[in-house]
Amino acid sequence: MNNTIDHIDTRHGTANQYSFSHGNCLPYTGVPFGMNYFAPQTTDQKGSWWFHPEDHTFQGYRLTHQPSPWMGDFAHVLFTPVGENFSELSLFHTQSSYRPNEALFLPYQLTITQLRYNITSTLCPTRYGGMLDIQYDADNQPGFLITLDGYLTHEQLNDHEINVSFSNYSDCEDKTLTFYVALHFENAITELSMVQNEAQTFLWIKFADIDTQTIHFGTSFISQEQAVINLEREKPATLSEIKRTSKQAWQTYFDRLEVEHTDLEHTKTFYHTLYRTFLFPQTFYEYDEYDQTIHYDTFNQEIKPGVLYTNNGFWDTYKTVFPFFSLVAREVYEEMLEGFLNSYRETGFLPKWLSPDERGMMPGTLIDAVIADAAMKEIRPDLLPELFEGMKKGASVQSECENYGRRGTLDYLQFGYVPNDYHESVNHTLDYAYSDFCISQVARILEDEEATARYQNQAKNYRHLFDQKTGFMRSKDREGQFRADFSSIRWGKDYAEGSAWQSSFAVYQDFQGLIDLYGGADAFSEKLVALCNQAPRFDVAGYNFEIHEMTEMAAIEFGQVAISNQPSFHLPYLFAFAGKPEMAQPMIKHLMTQCFNSTINGYPGDEDNGSMSGWYLFSSLGFYPVTPGSNEFIIGMPLVKKARLHLSNGETLTLTATPNEVQQVFIDQITLNGQVHQATFFTYEQLMQGGTIDYKLGIVPHPRNYTTQQLPFSLSK
């Protein structure tokens, strides 16, 4: 089983034939969950879309904190080796051509040759800095540029050391959020000047006639002194030592999953998605001179003790990323919960979309699902009482700033739904009902009977929006009337990044209740068949233009199963709740093989913070966490031929799926530790005990009659 990090080209998945690349598909080089990432910048003319794998221009190594182009970058800066004296300084005048196919893009190393200057450089990162090794052409003037758009100050300490601080941000509670960099140059600096034009500020550093230059750098969000501390800890290391340490940091995670596929390309895709899943959330804390964790609290603009994390949208990641961590990276899940609790302590509300602090993007407060899933799995029970208070506050207190907490909180409590004078009101309502279920799960663990009953009752609020006539969730006004001008394929307005088709099945906590509203399993299955077997049509009226998610859905022939975006991730697995999992098995396999490819198409759409990568990882293994907070993983259709999962508790789970050729698109039988497994799901406890799961695959379906106990969890069971 080949699980080495060396074959991962970080460009894979960056571009696809369906749409623009998404933010997380940048070719990040760093360490897992690092504070900084690095990527080549190929253009400054396209805003947040500053890298494309087919560009042949190189403007510099960008130190980036961009989780997505929709969020933008903060505290970003450009490092560029140069080999000329310039009459004019601008990125246009200093950029060089390079050959992407000859460059090295690895999670722990970037190596690029600038053809204009005949300079080859290698950047290897650490969590709080890194090292840049530069091989100059002896016939050119060796130099180095530090470039940014924003406010910059610098101080040259001596011939070998420079301190830099600057401020540029996409949005932040602290409008002057400052990033600090301390640099040490092995060979002496002979000249330093700062030049500004209308767009950028340049720090131009020149050296004597040298063939090589080695630059160590440390960074900090705390202070310039902290940046120096971070630099001093790393300065003694050589390039090979930093490379080895960073590589091992990745290999530690790669070693936790060993997989084989019938097609080697699927194995490459699997490990590429594994790499993406371990990029976010990012560290936003550091170690002071006494090795104690500290972080910058941007809300109160103070330095605080403890850990903090950033660059995570819970609307995206609760579905896949955190359930995946619960299996193989429990230790980071535990620390992240502590970081999210610190966000609550400092702002008064649990976070929704951090970059670097609360951005208030997307519906719902779906960190509730992350907390409930952890609680059910006994992850950080010591934090649970305070997290529970945060969950209840988010569900009951209307924040003065709409970035925090639920939108329309008081109206939701009054009507049992969010009225449609709120944008995306259907998704708000459905997400709040699911969050209410999550709160009830935590209340039950904490033996709060009153809260358990209240929030379980509110978890059924989705029923207020179900239209029996159309079979969709529809928005209502304050008088309880459905919006009159309904179209099932209209995106936006009442729905978030989708139409009624993608949004109406977001009843994760009570699919049996939803099935009952449809009139039974057969009627529910027919609705799912209609979802899958129609053309991927859409109406732009809700947005008045075609958004990229529409383009991505239309590019593939999978009906309204818009696997390109998070609201659709669970749709293929819903047949299991109706007792007909075999109806979804070919579709799940085709989605994996046709929509994901590490060398050609990349991702089918939004790879947000590892969420789509997590969908692929779970689906490849043959099970998927439809309802975080239930401790169940719905069985789908494995793509792996064999897999070994080294679980966080020290156990090993071995999966086999045979035969697994193109024609095997159904599961004929499953055995768990040698016993025939009849249920349509695995429990967390079953997976974590290790052992073996053997999928016997076939070319024709094997329908079964399932008992209630063999169907997945639902409030109405």
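A residue counts as buried when its relative accessible area is under 20%. In this predicted model, Ile-635 has a relative accessible area of 8% and is therefore buried. Ile-635 belongs to strand β30, which spans residues 632-635. Leaving aside residues up to four places away in sequence, Ile-635 is in contact with Tyr-573, Gly-622, Phe-623, Ile-667, Ile-670, His-677, Ala-679, Thr-680, Phe-681, Phe-682 and Tyr-695.

The largest nonpolar core comprises 208 residues, among which Phe-144 and Phe-325 touch the most other members. Helix α11 (residues 425-445) contributes the largest share of this core, with 8 residues.

The cysteines were examined for disulfides. A pair of cysteine sulfur atoms must lie within 2.5 Å to be counted as a disulfide, and the count by this rule is 0. For Cys-532, the nearest cysteine sulfur is that of Cys-595, at 13 Å, and Cys-532 is in no disulfide. Cys-595 is likewise in no disulfide, its nearest cysteine sulfur being that of Cys-532. Cys-532 is buried, with a relative accessible area of 17%, and Cys-595 is buried with a value of 0%.

Notes
Residues numbered from 1 in each chain as written. Predicted model: local features only at pLDDT ≥ 70, side-chain atom pairs only at ≥ 80, totals over all residues. Heavy atoms only, no water. Helix = DSSP H or I, 4+ residues; strand = E, 2+ residues; numbered from the N terminus. Buried < 20%, exposed > 50% of the residue type's maximum accessible area, 1.4 Å probe, protein only. Contact = heavy atoms within 4.5 Å. Core = buried A, V, L, I, M, F, W, Y, C linked by side-chain atoms within 4.5 Å.
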